[in-house]
Amino acid sequence: MSTWRRTSATGRALLLTVLLTGLTTFMFFPLLAVRLAAQGLPTGQVGFLVGLLSASTQGFSLVSGAVVDRIRPRTVLGAGFVLRIAGYVLLAHGLTGSAVLPALLAGIVSVGIGGSLIGLSIKTRLVHEAGEAPREMLALRSTFVNVGVVAGPALGAAVYPLGFGWILAACITSHLVLGLYLTARDRQAVQVAAGRAAGTSVPAPVERGRALRHWLPLLLVGTAYWALYNQLNVVLPITALRMTDNPAAITLVFTVNGALCVLFQYSLLRHVFGRVSSRALLVLGFLSFAAAYLVFVPLGGWAALLVFILPVTLAEMLISPSLDEQAVKAVSARRTGLALGTISGAGALGSLLGAWGGGLLLQTLGEGSGTWLVVSLVAVLAAATALLLPKGSETLPETRPTAVLLSPRDKMIAAAESLGLAVVVVDDPTQPRPPATDWPLIETVWTTSKDELVVMLQKFGFTGPVICFGFGELGSGVSAEVNQELGWPGNPPEALRAFKNKARLRALVGDRAGKPVAHVLGRTVAELAAGIERIGLPCVVKPVDGSGSAGVRLLTDSQDADRFLREAEGAGPHLVEEYLIGAEFSVEAVSVAGRHRILAVTEKRTTGAPQFVETGHTLPVHLPAEDTAAVAALVQATLDATGYRFGPSHTEVVLTTDGPRLIESHGRAGGDRISDMQQLALGENVYALTMAALFGLPMPAGRELPRVAGIRYVTFDGTVPMSDINTELIASLPGVTEVHIAVPSGRLPPPILKSGDRHGFVLAVADTRDELEARLERAVRTLTTRAVVTRS
């Protein structure tokens with residue numbers, strides 16, 4: 001299944017947890033009513049207790065949803081497993097000898113609340129991972145649930161003759177093992193309520209009448225669904241036993257029902273009904289419910305049960321994921337847990353009234369047609385109510401958060417989609433074109449003026465939370481200004497201006513980041529000459545607002561200085577800085593509400609003097625503990641000085657004999673594919689981290705076992721024009737993830753005076769540093785050799 005292949009390792013572990021917990025749950029749940037009846041409890045009490053289990057699961061879902069949206073998932077999962085285990089122990093005690101009603105009540109409530117915490121936590125995280133395809137992920141989750149439904153009742157029936165206590169023991173053991181495994185494995189970071197931390201209200205206003213018109217019928221059909229579904233847990237088991245005089249009858253119903261769901265639900269919702277609105281699926285599902293229960297009017301015995309299975313299974317396959325889809329698409333992604341909890345909470349009343357009412361129907365109307373006509377009428381009324389829901393196209397814009405992306409790479413769009421965000425792509429015709437996408441597109445030259453972009457965004461008609469993101473040198477600053485002007489959360493523009501202006505950055509940082517770097521700002525040739533004399537030779541000169549190593553020069557003697565001063569006339573302000581001697585590194589960090597987390601230290605290679613153009617990067621590298629602490633303190637002090645609050649940063653430092661010294665810092669992800677290297681080596685997606693932080697979503701987790709990634713730039717012979725080079729062979733080498741040739745065919749490779757002059761690169765990943773170096777060396781050697789052969 002394609003959804004399974006796209007799911008992360010953590011997502012797959014959660015799906016397997018759904019399967020295994022479902023397996024043991026359905027070992028005991030179908031037989032619970034039979035066991036309670038065997039204890040001598042009246043059918044009304046049996047119905048109430050069985051309904052209470054579903055009601056406590058769903059009734060607590062409002063709280064569970066809010067908790068899941070705000071608290072670390074590992075904590076929520078752990079609490080759920082503890083409560084479930086405690087509940088099973090209480091049930092075992094309550095069913096010993098004569099039934100102990102208080103223990104049964106406490107056990108059922110504990111199992112129910114624990115199941116609510118586990119189920120909502122897992123479902124919310126799977127929906128977040130699904131992005132634009134919640135229906136497929138919800139259907140896949142239901143498939144895993146129903147694998148348990150198929151095998152669970154059969155196992156329960158096999159174990160039941162040994163005693164119901166053995167079934168409870170299996171439930172306790174499975175939950176203990178899964179709870180320990182999953183809570184130990186899950187290291188997802190604490191969700192950050194970034195919207196509040198930013199001091200800006202994130203949610204956009206939503207028309208209350210429209211929300212009411214959506215949620216009122218949705219809650220009604222959710223209640224009706226669980227009222228109808230719970231007839232399978234109370235009325236049907238008792239009726240099936242009386243009709244067939246065989247306790248295995250209800251087990252057969254659940255087994256065949258689950259098998260059909262496993263075999264067909266995912267394909268049905270993905271392929272057959274993939275383009276059908278969730279409203280239409282709800283109507284069809286409830287009509288199938290009505291047809292299923294009407295089967296018992298003319299038929300009885302085994303024949304009725306066998307005919308009943310098909311329409312009731314179709315109803316379950318269509319309704320359950322469609323209710324969740326309607327709820328998820330009606331709210332912002334950061335409220336997914338609450339939305340799912342609300343729809344489950346609506347079902348709590350339905351579960352209790354449905355199970356209890358079903359028992360009373362049997363007591364008052366018996367097993368005749370009257371009972372089934374009443375149940376079928378409820379299903380028809382639910383189908384009519386579902387018609388009041390908005391169509392799918394009307395649901396999505398309600399409060400769905402939207403990321404406005406400035407000239408994004410494909411990885412940025414994918415990161416937004418992985419968080420369940422809607423996307424608007426802003427395309428600047430003067431910049432590299434973004435990848436083809438079905439998302440709305442705005443075309444404007446945002447790199448030179450944000451005003452037109454702001455006007456276009458104001459007219460766009462957003463109804464949910466919106467934030468503009470730019471992850472490059474220009475985009476980070478423009479997005480901050482757009483967010484400020486439109487009242488959206490984001491970084492203060494002053495912070496991004498400080499990064500852009502190297503003199504301003506030096507002034508703000510001062511001695512906060514250790515020993516200051518001696519520097520002088522020169523706006524004229526005379527000021528530059530005075531600055532060189534004051535700093536002394538050797539020194540470094542660089543444009544105040546430069547990037548990509550452009551214009552950076554090392555002046556070692558008076559001849560270098562004179563040459564630079566002759567060329568500096570009209571070149572704009574430059575900074576003259578002391579020359580720092582030592583190993584050069586960059587530090588990649590991500591900031592959330594002004595708290596800065598170091599992701600990696602990157603080792604860099606350069607051409608050396610005089611231009612210092614970067615020729616390679618490797619991450620992560622591990623410095624001695626003392627240096628690591630000092631570098632982290634320098635980076636945090638630098639970012640604090642600028643007022644930077646959200647997103648990736650890239651800070652360049654030199655480890656000198658006086659400790660780490662600041663070269664410069666940027667309020668963006670590192671260039672030269674450093675963000676890709678972080679994803680490859682650490683599993684840290686800085687784009688997803690930034691968007692999750694600002695929208696207040698759970699922060700994506702990194703890799704548990706880090707690797708090492710690196711990039712090496714290649715240099716071709718500058719005297720021979722480039723010819724076409726087939727890079728497929730190099731790209732197929734072990735560990736190589738990307739190969740790029742920057743020089744067009746037929747042109748001479750230029751001298752490398754700045755980053756934009758470099759001829760091409762190879763990107764690779766490995767488990768160890770030695771393995772990485774070997775892979776990069778082989779790839780670079782193969783690429784340059786093929787270039788020579790092709791051009792000779």
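Reply: A cavity here is a set of points, on a 1 Å grid over the protein atoms alone, where a 1.4 Å probe fits but cannot get out; lining residues have an atom within 4 Å of a point. Points are joined across faces, edges and corners, and a volume is the space filled by probe spheres set on them. The model is predicted, so local features need pLDDT of at least 70 and side-chain atom pairs 80 or more, while totals for chains, interfaces and linings use all residues. Numbering runs from 1 along each chain as its sequence is written, and side-chain values use heavy atoms, without hydrogens or water.

Three cavities reach 30 Å³ or more. Eight helices each supply at least two lining residues: α2 (9-38), α3 (43-59), α6 (101-130), α7 (134-159), α10 (208-229), α12 (249-272), α14 (301-329) and α15 (336-365). Helices (H or I, at least four residues) and strands (E, at least two) are DSSP runs, numbered from the N terminus. Among the contributors to the largest cavity, α6 gives the most, with eight residues. By class, this lining holds 17 nonpolar, 16 polar and five charged residues. Nonpolar means Ala, Val, Leu, Ile, Met, Phe, Trp, Tyr, Cys and Pro; charged means Asp, Glu, Lys and Arg; the others, Gly among them, are polar.

The second largest cavity holds about 160 Å³ of space. It is lined by 19 residues, and Gly470, Ser476, Ser479, Asn491 and Phe646 are the closest to its centre. Both helices and strands supply at least two residues each to this lining: β4 (466-469), α20 (473-486), β12 (647-656) and α27 (686-695). Helix α20 gives the most, with four residues. The lining of this second largest cavity divides into nine nonpolar, nine polar and one charged.

Helix α20 also takes part in a charged contact. Glu481 forms a salt bridge with Arg497, and their closest N and O atoms are 3.7 Å apart. Glu481 sits in α20 and Arg497 in α21 (residues 493-500), so the pair ties together parts that are 16 residues apart in sequence. The salt-bridge rule asks for a side-chain nitrogen of Lys or Arg within 4 Å of a carboxyl oxygen of Asp or Glu. The count by this rule is 29.

Back to α14, one of the helices that line the largest cavity. Aromatic pairs are rings of Phe, Tyr and Trp (its six-membered ring) with centres within 6.5 Å; planes under 30 degrees apart are stacked, over 60 edge-to-face, the rest tilted. There are 18 such pairs. In the pair of Tyr293 and Phe308, the ring centres are 5.5 Å apart and the planes meet at 55 degrees, so the pair is tilted. Tyr293 belongs to α13 (residues 278-294) and Phe308 to α14, so the pair ties together parts that are 15 residues apart in sequence.

Now the backbone. Asp245 has a phi near 55 degrees, a positive value in a residue other than glycine. Asp245 sits in the loop between α11 (235-244) and α12. Helix α12 is itself one of the suppliers of the largest cavity's lining. Two cis peptide bonds are also worth a look. Leu537 to Pro538 is cis, with omega near 0 degrees; Pro538 lies in the loop between α23 (525-535) and β6 (539-543). Leu619 to Pro620 is cis, with omega near -10 degrees. Pro620 is in the loop that joins β11 (614-619) and α25 (625-642).

Conventions. 1 Å grid on protein atoms, 1.4 Å probe; cavity = no way out; pocket = protein on both sides within 12 Å on 5 of 7 lines; lining within 4 Å.
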